[in-house]
Every structure is written in C-alpha cells, then in structure tokens.
Amino acid sequence: MAILQKHGKNSAADLASVKEASADNFGAGGAQKKWPESSQNWTRPVARVWTAVLLLGTCLLYCARVAMPICAVSMAERFGWSKRESGMVLGSFFWGYCFTQVLGGYVSDRVGGEKVMLLSAAAWGAMTAFTPVLAHFCSQPIVSMTISRFLMGLLQGVHYPSLASLCSQKVVESERGFLMSTVGSGSYLGTLVIGGVGSLMLDMYGWESVFYISGLLSVLWAYCMWKYLLKGERPIITLESLGSSGTQSKLSRRNWLRLFRQPAVCAVIITHLCTASTFFTLLSWLPTFFKDTFPDSKGWVFNVIPWFVAIPSSLFSGCLSDHLISQGFDTATVRKLMQFFSMGISSVFTLFLCGTTTFPMAVAFVSATMGLTTFSHSGVSVNVQDLAPSCAGALFGVMNTCGAFTGVIMVYFSGYLIEATGSWASVFALITVINLIGLGTFLTFAEARRVDIDCTKGRNIHI
C-alpha cells in the first residue's frame, strides 16, 4: 500500500555498506539518491508464490498460538486450574515472546529470514502437537503447560522479525507493501480458522485434537517450504554466518540514545505498548469471558465472528488512510485519526461489554472492538516507518518486545482481577484506561517527519 511504500526508497539503503566518509548519499538540496535494486530479488511469479506460502505460514502461526486460549476453559476444568493459574499459563507465552524479537531480526539479517522462519516453525509446530502429551503425562500439568507456552513464545517471537528481514532482502521496493499487508492478514485469518474449526473440534473430539491438528499442519507447512521453495537446502545456522556483518550496520549506543530521546519515538513505543497489551489481553481472555457469561453459547460463534469482522476492517483502514494521504491530508494527522479509531472508539464498545446481558449484543460489541482495533495497522504500526525508515525493523523489534512484556503483565493481572472482584467489568475498564493512556500520548507527541536523519549534517544516523 502507498503508506507502507512512502519511505521505501529511503529504507532500502544498505547503510552498512556506506563508509562514514563517503558523501552522505545526498545530492543537491538534500535529496537522497536512489539505490540500485539487489540482484537477489525475487521475480514477480516467485514473489507471488512466497506471498501465498508466507500467508499460510502466518495463518498457522496464529492457529497454534490461539489453540491454548481456545482450549483454556476445558483444560482448566480437566486439571482443576483457578483463574489465576489459567492466567499464568496464558501469560507465560508472552514471557518467551518478548525475548526473541530483536535476536530473531539479528540472526535473520545474517543467515536469511527463510532459514530462521523454517527452523522455528518446525520447532513450534512440534511443540504444539506434543502439548496434550505433556499435559497428560506430567505429574504437574500446570508446570509443564507454563514451560511449554514459554518455549512457544520463544520460538514464535522470531517470526515477524524474520519476515521483515526476508522481505527487505528479497522483495523489490514497489512490492513490499503488498506482501507485508497480505501476509499480515494471516494473523486474523488464523484466529478466524482456529476459532471456527477449533471450536467445532473442541466440542466433537476434545481439546487435544485442536493441538494435534494445528501442530501437525504447521510441521507439514515447514516441510513443504523446505522441500519445494528451499529445494531441500540444509537450513544450517553457523557461528561464522552469525559473525558476518550482513546488511546491517553496527549498533551504536550513542545513536540509539539519540533516537530514543525523540518525543515522537517515545510516543510510538508507548502507544504500541498499550495497543499490544490490550490486544493480547482480549485475545487470551475473550473465550473465557463468553464461556463464563454465556455458558450455553456456541464457541464457533464468538470465536469466529469478531475475526471475520477484523479482516475487512484492517483492509478498509489501509485503503482509507491511503486515500486521505493521496488527497493531500497531513500524514501525521491521518496516523492520529487511524489511532483514534483503534484506541478511542474501540474503547467505547469495550465499555459497553460491562453492562451486556445478551449474547448477540456481546458478540456485536466484541466484533466492533476487534474490528476497530485493526486500524492501528494504519496508525502507530506504520508510523515507525515514517519516523525511522533506515532502522524501522530494529525499532519495531524494540516496540514489540515492550508490547509482549506488558502483555504478560496484563494477561496475568486480568486473571487476578477476575478472581478478586468476580466481575469482568474490571478487566474491560482496565483495557479502556490503558487504551486512553496510549491514545493521549500518541495524539500529543506523534509526528511523521524522519528522525533518523541528522539534520545538522544532512545525513543518516547510523543505527
């Protein structure tokens, strides 16, 4: 999309290959020169095949990730878990997830994102398939499930950084926006699939079947990717390859601090932190909310409809923001408008859930909440590329790490609130407060000008 490609030519620059003494890559009047495309880029037919494969991979990633929230109620009944213990199991995923974001991007930049993605998918797919075995044959299921979810987070945390690295290395600038937006929609598709099919399997065959099928399909996807796209190449990661400089410049503590002192950068991090933590909380606890509040409701209804709404809502937000910017509206204003829908308007529907007494109204309010939340893809998620296109991947890794860390706290604390107050209204009120804090920060400090350029010298800051 146009938003994602706005700074494509700037972010494509291979900063590592530029010596400090060489002419700053700027022409007259500060205009940046166009960098030549890499000869390693995929052809359009190959890129289309990879787009479809990566879309399916992201879909399966979320099928495996959401399997535990879908089955949490049944597993809690089977093993006698309290709400607090369920929250500990659900939240342990994010403890692992927050540790491998930056590492995943670092390794992918040096050995190739496809290798990292392949190895991690095979590992988390196998872990998902073995989850029922670990639960039944361990004397302390709460311990084995907490550890397995932590390992799942570690393994899945490298997916998006490796995807970003692969895209930057293999896709031409003019097609990166399409690939990333298409592959990104796999998260909603995966949640939709596991919410519908997984709920039916849960009712018909038991919670174990959800883990078996999603795990085995993920392993099969990894095998097909290795066999047919990588042509059976050995996905070996060596210390020598990790030590190579790749395409990234060396980290400079001074320049990172200079970047983090920018109010707009801090605003992006805080806003993404708030958005991610509230989204993870809803993702983890909504199935339990419906089961507790409406025990006779059909799981496939509340696990499908909200995500069915989220897919077109995400695409609409991208089209709307593209259109507004093409009509001459200020980019920063458009970003703030999208985030207002994502965190402001969605919070209104979240609060409506506090007094909901009927199942159809609850589904409608949750669907509106999740649909509006996707507008952040055209807000804060893209704003990081406006601010720092030369190091957007690393900065996004920092943002996602912070978001995952707060997701741990929010998911666990939500379980504590439910148990202490006996009311879901306290959780929805907490989500609303966190959203408003993030929204207020973004509306006050967000900008769309580049901050990764040293304006006094007219050159890129080497991060």
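Guide: In this predicted model, A52 lies in helix α2, which spans residues 44-79.

Visitor: Why is A52 called partly exposed?

Guide: The relative accessible area of A52 is 47%. Buried means under 20% and exposed over 50%, with partly exposed in between; A52 is therefore partly exposed. A52 and T182 are 130 residues apart in sequence, with their C-alpha atoms 8.6 Å apart in space.

Visitor: How many aromatic pairs does a search of the whole structure find?

Guide: The search finds 28 aromatic pairs. One of them joins W207 and F211.

Visitor: What makes the pair of W207 and F211 edge-to-face?

Guide: The ring centres of W207 and F211 are 5.9 Å apart, and the planes stand at 85°.

Visitor: Why are W207 and F211 separated by about one helical turn?

Guide: The reason is that W207 and F211 are 4 residues apart in helix α11.

Visitor: How do you know whether W207 and F211 are buried or exposed?

Guide: W207 has a relative accessible area of 6%, and F211 has 2%. Buried means under 20%, so W207 and F211 are buried.

Visitor: Why is the pair of F279 and W307 called edge-to-face?

Guide: The planes of F279 and W307 are 85° apart, with 6.1 Å centre to centre; the cut-offs are over 60 degrees and within 6.5 Å, so the name applies. The pair links distant parts of the chain, F279 in helix α14 and W307 in helix α16. Both residues, F279 and W307, are buried.

Note on methods:
Residues numbered from 1 in each chain as written. Predicted model: local features only at pLDDT ≥ 70, side-chain atom pairs only at ≥ 80, totals over all residues. Heavy atoms only, no water. Helix = DSSP H or I, 4+ residues; strand = E, 2+ residues; numbered from the N terminus. Buried < 20%, exposed > 50% of the residue type's maximum accessible area, 1.4 Å probe, protein only. Phe/Tyr/Trp six-rings, centres within 6.5 Å; stacked < 30°, edge-to-face > 60°.
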